[in-house]
Amino acid sequence: MLLHPNIKVNLGLDILRKRPDGFHDIETLFLPCDDFHDCLEVLPADEPSALIHDVLSRVSALRTSASASATDSASASTSAFGSGSAPNFTPGSAPATDSACIPISDPSIASASDSTFGSGSAPTSDSSAGASASDPASDYASATDSACIPNFASDSSAGASASDPASDYAWRQAISEDGKVMITIFREAGVDWDPLKDLCVKAYRLLDADFNLPSVKIVLEKFSPVGAGLGGGSADAAYTLLALNELFSLSLTQSQLASYAARLGSDCAFFIYNKPMFGSGRGEILSEYPMGDFFDKYTISCTYIDGISVSTAQAYASVKPSIPEIPLCERLAMPVESWKDCIKNDFEAGVVAMYPQLGELKDELYHEGAIYASMSGSGSAFFAIWPK
């Protein structure tokens, strides 16, 4: 099952108080946004992955184009990925310090089957451990696949070159100790987190604890910015719950799925509904918010500065919770043209103080004609509202 998780923006974000449990009570309006989509595939362990084949085909196209004409390599690096979902592709920018982040730079293709995966006896495996013929994580495409993950050395710099536009398209892969989950993550800028700690795996574990699910493969191709306040990871987790519910006929209601999602993260539950929702509590208490003809009159776009990411802990460190005089729900009822002066994100001032160029980015959005511009979530991405 192939899904395309979208992102969200926060229209207003008031941090009201710190709670005894260490979290904060907030109020915000979550809006879905289609500027970025990840590709998420969830399938039974014994089935071949179409997404892996697709990624390798596109990477192969990049390399072929680069070899054919060095002058055409720049345009090939964008057109081969298509849809505008993966901006800011910079050849040769993969972090050499991440030894577990393996570039797809070896033209050799493995041919073994993954028929043993899902038996419950598969050992823990991560791409950082290197490939071996007996490791089901290194050769996991079904015999029916026309291509599967190549075998690579564990050094991320091996085989990479600045002249190869595919050289920094990297992947990490891992199998859980019980052999129930194999996860593969592709990302142009590298994958600097443990795949087994990805929220998609945590989503599987939540449902597996209650339903004893069959073994699965999870394949994730990341396009949404990481650490940008757009909820890309939360969306991936929520969509994993949706996929598992359908794939294994669990018959969970939307409300039940949202309850599971809320245990994964404060904004995960929003993506189960994926429509304008007013969030309170930690952000997990949701109520549908009518937008009237807003989307007929206005459009929303997101932007970010490559290389700037902000952790939630960083963002909260500079915030002093307070109760606004006028509740957010009342300010949202005011004319859109007035939002610039009355609706704000409490994280924004502190994050802009850390990264002044973000303030310049916001000024530029207004200069270009935006009616409203603000940081989303804990940053660092910004979004703008434009008249149609």
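Student: Which residues point one way from E7, and which the other way?

Tutor: In a regular strand the side chains alternate between the two faces of the sheet. Here Ala 170, Arg 172 and Ala 174 point one way from E7, while Trp 171, Gln 173 and Ile 175 point the other way, and all are buried. Buried means under 20% relative accessible area, with exposed over 50% and partly exposed in between (1.4 Å probe, protein chains only). Strands (E, at least two residues) are DSSP runs, numbered from the N terminus. This is a predicted model, where local features need pLDDT of at least 70, side-chain atom pairs count only at pLDDT 80 or more, and totals for chains, interfaces and linings use all residues. Residues are numbered from 1 along each chain as its sequence is written, and side-chain values use heavy atoms, leaving out hydrogens and water.

Student: How many bridges join E7 to strand E8?

Tutor: Strands of a sheet pair through backbone hydrogen bonds, either parallel or antiparallel. Two strands count as paired if DSSP finds at least two bridges between them. E7 and E8 (residues 181-187) run antiparallel, joined by 6 bridges. Arg 172 has Ile 185 in E8 as its bridge partner. The two strands form a hairpin with 5 residues between them, and Gly 179 in the turn has a positive phi of about 75°.

Student: What is the order of the open sheet of 4 strands?

Tutor: The order is E2-E3-E10-E11, with antiparallel pairing. Strand E2 (7-18) and strand E11 (285-288) stand at the edges, each with a single partner strand, so one side of each lacks a neighbour in the sheet.

Student: Over how many bridges do E2 and E3 pair?

Tutor: E2 pairs with E3 (residues 24-33) in the antiparallel sense over 10 bridges. Asp 14 stands opposite Glu 27 in E3.
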